[in-house]
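Subject: Structure handover

Hello,

Here is the structure you were going to look at. My notes on what was found follow below.

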Amino acid sequence: MTYEVDRRSVVNHAQARALLVAVGNQLRSGPRLVAFFAVMYYAALRPEEVVSLRDHNVTLPSLVRNEETGEWEEPADAWGELHVAVAAPFAGREWTDDGALREERALKHRPDGHARTVPCPPALTRLLRTHLAADCGKGPDSRLFWGEQGGELPGITYRRAWQKARKAVFTDQEYASPLAKRVYDLRHACVST
C-alpha cells in the first residue's frame, strides 16, 4: 500500500507563520500552543510525540553577547536539537491501565528504548526559548505542553485552537478546503518544504 500526501493540505511558509500568529492571539490556551504547533511544522514531529516532550528533550544553543548593545541574544545560526524518545498516542481513559487519556509507547517504527534526534531550526529555537521562558514553559513532570488543569494536553484543546486559527487566517474557500485541515498536516508541510 502506498500513501501519498494530498498536496492541497500543505501550507506554504507564509500561511504557516500566519497560522502560528493566529494561534498565539487566542485567549487562554493560544500562547501556550504556538510552540506546540511550531514543533510539528518546523521539526515534523507527530502530535503524540510533541505532547511527550519534556524540558530535557530540548537542547538549545547558548545565547551570545551582542558587542554593540551588551545584550544577550540568539546566535545568528541558532540551531538546536530535539531528542524524541517516546510518543503518547490518544487511547482514551477506558483503554489505559492508569486511566490516562494517552498511553506512552515507543516511537513509531522503532523498538522500545530507541530515540531519534531531530534538528531544531533557528525559527523553532526562538519559539521554544520564548515558550520555556514564559510561565507556560514547564509543566507537570517537566512537560513542555500540558492542559490548563495541569494534566495531559487534551487533543480537543489543540484541535479547537487549530480550527479557530484556520478560520481567522484563511478565506472561506480555503477554510472549506483540505488546506491544513488537520493538525497533522503541519508535519506534511515540514517534510514538503
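**Helix and sheet**

Helix α4 (residues 122-133) lies across β1, β4 and β7, and runs at about 95° to β7. Please keep in mind that this is a predicted model.

The three strands under discussion form an open sheet, in the order β1-β4-β7, with antiparallel pairing. Its edge strands are β1 (58-59) and β7 (116-120), each of which pairs on one side only. Between β1 and strand β4 (residues 80-84) there are two bridges, in the antiparallel sense. Thr 59 has Glu 81 in β4 as its bridge partner.

Is Arg 116 buried or exposed? Its relative accessible area is 17%, and the cut-off for buried is under 20%, so Arg 116 counts as buried. The side chain of Arg 116 makes a polar contact of 2.9 Å with the side chain of Glu 49.

**Aromatic residues**

The structure holds five aromatic pairs. One of them is formed by Phe 36 and Tyr 158, which are tilted, with 4.7 Å centre to centre and 40° between the planes. This pair links distant parts of the chain: Phe 36 is in helix α2 (residues 30-43) and Tyr 158 is in helix α5 (residues 155-169), 122 residues apart. Both Phe 36 and Tyr 158 are buried.

Tyr 41 and Tyr 42 form an edge-to-face pair, at 4.9 Å centre to centre and with 75° between the planes. Tyr 41 has a relative accessible area of 4% and is therefore buried, the cut-off being under 20%. Tyr 42, at 15% relative accessibility, counts as buried by that cut-off too.

Which residues make up the aromatic cluster? Phe 36, Phe 37, Phe 145, Tyr 158 and Trp 162 form one cluster. Phe 36 and Tyr 158, the tilted pair described above, are thus listed among its members.

**Charges over rings**

- Arg 32 lies over the face of Trp 146, at 5.8 Å from the ring centre.
- Lys 167 has its charged end over the ring of Tyr 175, 4.7 Å from the centre of that ring.

Regards

Note on methods
Residues are numbered from 1 along each chain as its sequence is written. This is a predicted model: local features need pLDDT of at least 70, side-chain atom pairs count only at pLDDT 80 or more; totals for chains, interfaces and linings use all residues. Side-chain values use heavy atoms; hydrogens and water are left out. Rings of Phe, Tyr and Trp (its six-membered ring) pair if their centres lie within 6.5 Å; planes under 30 degrees apart count as stacked, over 60 as edge-to-face and the rest as tilted. Helices (H or I, at least four residues) and strands (E, at least two) are DSSP runs, numbered from the N terminus. Buried means under 20% relative accessible area, exposed over 50%, partly exposed in between (1.4 Å probe, protein chains only). A charge sits over a ring if NZ of Lys or CZ of Arg is within 6 Å of the ring centre and within 35 degrees of the ring normal. Two strands pair if DSSP finds at least two bridges between them. Contact means heavy atoms within 4.5 Å. Axes are lines fitted to C-alpha atoms, for helices over the stretch in contact, and angles run from 0 to 180 degrees between N-to-C directions. A polar contact is a pair of N or O atoms within 3.5 Å; within protein, one must be able to donate a hydrogen and the other to accept it, and residues adjacent in sequence count only if both atoms are side-chain atoms.
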